[in-house]
Amino acid sequence: MGEIRYLPNRGLLKEESIQRIVAAAKANAGLWLMVKERAVEKRAIKAELERRGADANDMDRLFLTRLTPTIAELAQELVSTMFGNCPPEIGSCVQSALLEAAESELDGGSPEA
């Protein structure tokens with residue numbers, strides 16, 4: 001199993017830093033499984049919304065129970081472990097990168113970092 005290592009808090013929004021964060025997530029089997037579960041959950045919610053002809057505004061009403069911790073919480077914990085804190089501006093970038101990598105893997109893409 002890989003190890004998450006501390007990285008300096010410089011240039012967090014650079015593509016290289018984001019890719020290192022994704023690689024660290026993939027190296028932690030338990031964390032990566034949770035990220036992939038959130039990607040599957042996202043797909044299921046999107047499909048159900050489309051099936052019902054609903055939109056994102058109906059999500060909280062239709063889906064009272066969601067997986068915990070959320071992808072936002074997972075991303076924040078990962079970045080905080082690596083950098084000592086998780087600035088709000090990087091949280092959404094990391095969430096998107098993690099979900100994109102998980103979806104790619106679920107679609108048969110390479111599991112490599």
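These are my notebook entries on a predicted model of one protein chain.

**Ground rules.** I number residues from 1 along each chain as its sequence is written, and side-chain values use heavy atoms, with hydrogens and water left out. Since the model is predicted, local features need pLDDT of at least 70 and side-chain atom pairs count only at pLDDT 80 or more, while totals for chains, interfaces and linings use all residues.

**Entry 1: the overall layout.** I looked up the elements and found 5 helices and 0 strands. Helices here are DSSP runs of H or I with at least four residues, strands are runs of E with at least two, and both are numbered from the N terminus. Read from the N terminus on, the order is α-α-α-α-α. Of the 113 residues in the chain, 35% are buried. (Buried is under 20% relative accessible area, exposed is over 50%, and partly exposed is in between, with a 1.4 Å probe and protein chains only.) I also checked contacts, meaning heavy atoms within 4.5 Å. Among those between residues at least 6 apart in sequence, 73% join residues at least 24 apart.

**Entry 2: the core.** Which residues have the most contacts inside the largest nonpolar core? I got I21, L78, V94 and L98, in a core of 24 residues. Helix 1 (15-27), helix 2 (29-52), helix 4 (71-83) and helix 5 each give two or more residues to this core. (A nonpolar core is a set of buried Ala, Val, Leu, Ile, Met, Phe, Trp, Tyr and Cys residues joined through side-chain atoms within 4.5 Å.) In soluble globular proteins, nonpolar side chains tend to be buried together. I then picked V94: leaving aside neighbours within four places in sequence, V94 touches I18, I21, A75 and V79.

**Entry 3: C93.** I found C93 in helix 5 (residues 88-106). Is C93 buried or partly exposed? C93 counts as partly exposed because its relative accessibility is 35%. I18 sits 75 residues away along the chain, yet the C-alpha atoms of C93 and I18 are separated by 7.8 Å.

**Entry 4: helix 4 against helix 5.** Their axes come within 9 Å and cross at roughly 110°. (Axes are lines fitted to C-alpha atoms, for helices over the stretch in contact, and angles run from 0 to 180 degrees between N-to-C directions.) So helix 4 is roughly perpendicular to helix 5. (Under 35 degrees is roughly parallel, over 145 roughly antiparallel, 65 to 115 roughly perpendicular, and the rest oblique.) On the helix 4 side I noted I71, A72, A75, L78 and V79, which meet I90, G91, V94, Q95, L98 and L99 in helix 5. By class, this contact has 9 nonpolar, 2 polar and no charged residues. (Ala, Val, Leu, Ile, Met, Phe, Trp, Tyr, Cys and Pro count as nonpolar, Asp, Glu, Lys and Arg as charged, and the others, Gly among them, as polar.)

**Entry 5: helix 2.** I counted 24 residues in helix 2, reaching 35 Å from first C-alpha to last, close to the expected 34 Å. (The expected span is 1.5 Å times one less than the number of residues.) Its buried residues include W32, R38, E41 and E48. Among the elements covering the buried residues of helix 2 are helix 1 and helix 3 (59-62).

Entry 6: Most residues other than glycine have a negative phi, and most peptide bonds are trans. Just after helix 2, G53 takes a positive phi of about 70°. The peptide bond from T68 to P69 is cis, with omega near -5°. I placed P69 in the loop between helix 3 and helix 4.
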